[in-house]
Amino acid sequence: MKTIGNYLNKLSVKIISSVVILVTLITVTIAIFSYQIFTRTMQKEITTYVEEISNYATMDAIQWHFQDYLKMGEVRMHKILALLYDGKYDEISDEEVQIVSAYMTTQSRLTYLSTSQGIDQIGIYIPDASKGFTEATVIFAMIKDWGEDQSQIYYMSLGSPIELYSQREYTAMRKIWIGESEEELIIDYEGNEEGYPYLSVFRALYDGGDTPVGVLVVTREITDMVETWRRYLIGVFAVVISITLIGMILLGLHLRHRVVKPVGMITKEAQRFARESVRTENELVNDVGKITEIRILAESIDMMEEDTVQNINEISRMSRESERMDTELSLAADLQMSVLPKGEKLSERKEFEVAASMDPAREVGGDFYDFFLIDDKHLVLLIADVSDKGMGAAFFMAVSKTLIKARASMGGTASEIITFAEERLSEENEAGMFITAWLGIIDLTTGEVNACNAGHNFPAIMKNNTEDGYRIEKTVHGPPICFLPGLGHVEYNFRLEPGDRLFLYTDGVTEAKAASGDRFGNDRLIEALNDDRTIGDESLILRVKAAVDHFAGEEPQFDDITMVSFTYNGV
């Protein structure tokens, strides 16, 4: 099977196949076009012939009084004919003689017309509208045998019902009877019940008025025409196949020498270079003939080999440089994580417990947190998010963290510390970065908290003396740091009781996205926090992170995720 696939994928086979398909399509198109002309011509000829027969039949039937025939009935007609034959004229009225004479005369004419002109069926009917035009009453109907022997002729009785053959015949009969059309043509190439294709003309018959009194149907079998079409198609396809085979042989010989052989040389050279990655002294363009496209391809291979050798050397140099940058970036990530505080450094303090984590979206992140004592009674909690990511955001983060910690160590309120950091950062902030931050100064003896929210997410607070669990309280806040320098920052105060807990986070938590496009949001955060309010701060952070990862699924993390959990125990 693989050998067959390789053969079919050869250039010579593909080119020859393409040309053969093109020639075949052109030939088939010409054949179909000529077939359409041939078909229309024959169809028009037969249709015109049948319509002419219908015209003669109409002239014979136009003077008929169909209702008179139906009232008299076929039995009475035969009885009158018998009386006439026996010479008993006194038992017949003149009107009956005229009716029988007209019927028999026209019947004779229609029979002669049918038998002499090759018509297979001719009839006059009155359709039954009450049965959806699927049946009709026979006035006159002469039918030849549809089999091989068409010498047998059948006549249907006057007044007998006849069932129409197809939906198209129902429709044609209905259109004529309601006056929508005076003539309908039906061509059925598939055939009637016996399987013979036929052509029928339906024509309205009038008796001096505007309403049809009957419908003339003339039908001719068109088996000969269909067979002629089939023979024509067989002949066309035989010519197509012959032309195609001859073209394949001639074209294959030509292409093998002019195209396939040079392309094979190019293929071998490309395979050799792929294995060795070494250029040869002889250029490929000198050995591939004169076809322009193939020469261009050979020149491109020669140029590719030269460029590839140069690129290999350049890639080797860049690979060494990339390894050096990866090493430096890894060191930067380790350095960034090392400057973040660890909760165990304050584990000897009984007034509180604290834990934190940061998961950057890239090697280094723009989020940061901090917690430190500015004296024996006051603890600073800080969480922040730089507006960018990568190395630039990491550097801006380090500078911001250093400024805020240095200013906090000097004392002052939360808003004063944030304002000081903004003033210093805005002086050299050409990139236009800004920081959202929440900073709180906690009095460990009283639980009083002095806080400043600079455009950051509102913290989640759990009151120990209630059953409400964690909830997010919207408090006063100002713009992010360096977003609108000089606008000023506001602060607020609240009190923590022993057992109360504070949860800080960046928008990487609430803005985490699932494959459906939904965001994690505040509601899912509160649900994860309240799942078990008795666990420790470190376990709480791990549980929230697990909830975010489960929600996001296979979606990549697009933002840094940073969390700080604080529990106030009191003195």
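This is a predicted model: local features need pLDDT of at least 70, side-chain atom pairs count only at pLDDT 80 or more; totals for chains, interfaces and linings use all residues.

Visitor: In what order do the strands of the open sheet stand?

Guide: The order is S9-S10-S11-S12-S15, five strands with antiparallel pairing. From one strand to the next, the twist averages 15°.

Visitor: Which strands stand at the edges?

Guide: Strand S9 (367-373) and strand S15 (492-495) do. Each has a single partner strand, so one side of each lacks a neighbour in the sheet.

Visitor: How many bridges join S10 to S11?

Guide: Nine bridges join strand S10 (residues 378-386) to S11, and the two run antiparallel. Within this pair, His 378 stands opposite Asp 443 of S11.

Visitor: And over how many bridges do S11 and S12 pair?

Guide: Strand S11 (residues 435-443) pairs with strand S12 (residues 448-454) over five bridges, again in the antiparallel sense. Gly 440 is opposite Ala 451 in S12, and Ile 442 is opposite Val 449 in S12. The two strands form a hairpin with four residues between them. In the turn, Gly 447 has a positive phi of about 85°.

Visitor: Which way do the residues of S11 point?

Guide: In a regular strand, side chains alternate between the two faces of the sheet. Here, Ile 435, Ala 437, Leu 439, Ile 441 and Asp 443 point one way from S11. Thr 436, Trp 438, Gly 440 and Ile 442 point the other way.

Visitor: Are the residues of S11 buried or exposed?

Guide: Nine of the nine residues in S11 are buried, taking buried as under 20% relative accessible area.

Technical notes. Residues are numbered from 1 along each chain as its sequence is written. Side-chain values use heavy atoms; hydrogens and water are left out. Two strands pair if DSSP finds at least two bridges between them. Axes are lines fitted to C-alpha atoms, for helices over the stretch in contact, and angles run from 0 to 180 degrees between N-to-C directions. Buried means under 20% relative accessible area, exposed over 50%, partly exposed in between (1.4 Å probe, protein chains only).
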